[in-house]
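I opened my notebook to record what I looked up in this structure. My entries follow in the order I made them.

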Amino acid sequence: MALRYSIIIPVYNRPDEVNELLESLTKQTFRDFEVIVVEDGSTVPCETVCERFAETLTLRYFTKPNSGPGQTRNFGAEKAQGEYLIILDSDCVLPPGYLQAVEDELEDEYADAFGGPDRAHPSFTPVQKAINYSMTSFFTTGGIRGGTAKSKGKRSLDKFYPRSFNMGIKASLYRKLEGFSNMRFGEDIDFSYRICKSGARCRLFPEAWVWHKRRTDMRKFWRQVHNSGIARINLTKRHPGTLKLVHLLPAVFTLGVLFLLVLFLCGLTMYGLSPWLYDMGCGGDVHMTRSVGFLLCVLSLTPLVLFSLLVCVDSTLRNHSLWVGLLSIRASFTQLMGYGTGFLRAWWLRCVCRRNEELQAYKNNFYK
């Protein structure tokens, strides 16, 4: 008799994270599943970790040369025996009722493919909580990464597409669509687009959430979101008509911030140089020039201060921590401007300069 679920975990140099994820799988209340861990050319393997769970989980461990997460998931899918495949990132941890929530949703209403949202665990560092906020907040991503469930009263600016950190799909459909493409970034959205275009029924399971650690510092986070911005243009080239208003917002935000900073510098220059110009005999009303300069400084900083205050208050209330709220300001600017600069960079090269090849950045950081 076939298993109900096959859980596929691609991993690259993250044995400690795999240990936490496997530990959480041992606590699942629903038990009809297998686990497939695929080591993608790691120099720090997790084989020893997997061996510790050999008696408590139906687990198989494989190794392969490095080719990126998409192709590694495809490798795991070839070995899977479950009716449904569940794709998880190695930096996720599951609550005990995760699989039961998936099962309840499928029993209630059929789905060919599905996905769930993510949350920050209380044990996460303040930086991880701030990054999680910036990736799921309505004020930064339009709520699309946190999932859209209009019937639940949640806000979102776009329809829901499963993400590979928490994605489920009928095994037969996965194989029919030939799994993930060879894209190195944005491969999960590419797959989701192909799922929807096939006519398959795709749903959000709001209660099938995971704790997702994401990146552990702002530098790694910048690289991740910059790659995502580039991937959006690559995806638009692959799937014309999929570019939505919400995808443009980080680029607009980035250009807006740069314009406001230039305006601030102009105001600061007017305010600081007007007495010097007067002393040099250039004439003019020093008081008026300084007043205009001061006004420009205030007008340019006000939108940035208001946005920062909005993010700080919202994140503080959500995370019950002022420090996380303050860190969320930096994380939100990193998320929006990292994505925005990647988007603008790829737009210029692919849409204006007419480059045909798909762009990549930070090529050695697919998992880092």
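Is Glu83 buried, partly exposed or exposed? I looked it up in the model, which is predicted. Glu83 has 31% relative accessibility, so it counts as partly exposed. Buried would need under 20%, and exposed over 50%.

**Entry: the partner of Glu83**

I checked the salt bridge next. The side chains of Glu83 and Lys170 meet at 2.8 Å, N to O. Glu83 sits in strand S4 (residues 82-88) and Lys170 in strand S8 (residues 166-170). The two residues are 87 residues apart, and their pair links distant parts of the chain. Lys170 counts as buried, because its relative accessibility is 18%. I also found both residues in a network of salt bridges with Arg4 and Glu103.

**Entry: other salt bridges**

I noted a count of 16 salt bridges. One of them joins the side chains of Glu34 and Arg60 at 3.0 Å, N to O. Glu34 lies in strand S2 (residues 33-40) and Arg60 in strand S3 (residues 59-64), so this pair ties together parts that are 26 residues apart in sequence. Glu34 is buried, at 2% relative accessible area. Arg60 is partly exposed, at 25%.

Then I looked at Asp314 and Arg318. Their side chains meet in a salt bridge of 3.9 Å, N to O. Both residues are in helix H11, four residues apart, so about one helical turn separates them. Asp314 is partly exposed at 23%, and Arg318 is partly exposed at 41%.

**Entry: helix H5**

How many of the 11 residues of H5 are buried? I read off nine, so I call this helix (residues 126-136) mostly covered. Among the buried ones are Ile131, Tyr133 and Met135. The axes of H5 and helix H9 (residues 218-238) come within 11 Å and cross at roughly 20 degrees. The two helices are therefore roughly parallel to each other. Their crossing is right-handed.

**Entry: positive phi**

Most residues other than glycine have a negative phi. I wrote down two residues with a positive one. Asn13 has a phi near 60 degrees and sits in the loop between strand S1 and helix H1. Asn13 is partly exposed, at 26%. His320 has a phi of about 55 degrees and sits in the loop between helix H11 and helix H12. His320 is exposed, at 72% relative accessibility.

**Entry: a nonpolar patch**

Last, I looked at the surface. Leu243, Leu245, Leu248, Leu249 and Val252 form a nonpolar patch there, with about 420 Å² of accessible area together. Val252 belongs to helix H10 (residues 245-279). Val252 is exposed, at 54% relative accessible area.

Note on methods: Residues numbered from 1 in each chain as written. Predicted model: local features only at pLDDT ≥ 70, side-chain atom pairs only at ≥ 80, totals over all residues. Heavy atoms only, no water. Buried < 20%, exposed > 50% of the residue type's maximum accessible area, 1.4 Å probe, protein only. Patch = residues over 30% accessible without salt bridge, like charges linked within 9 Å, V, L, I, M, F, W, Y side chains within 5 Å. Areas by Shrake-Rupley, 256 points an atom, 1.4 Å probe, with all protein chains shown as cover. Salt bridge = Lys/Arg side-chain N within 4 Å of Asp/Glu carboxyl O. Axes fitted to C-alpha atoms, helices over the stretch in contact; angles between N-to-C directions. Parallel < 35°, antiparallel > 145°, perpendicular 65-115°, else oblique. Left-handed = near helix turned anticlockwise from the far one by under 90°.
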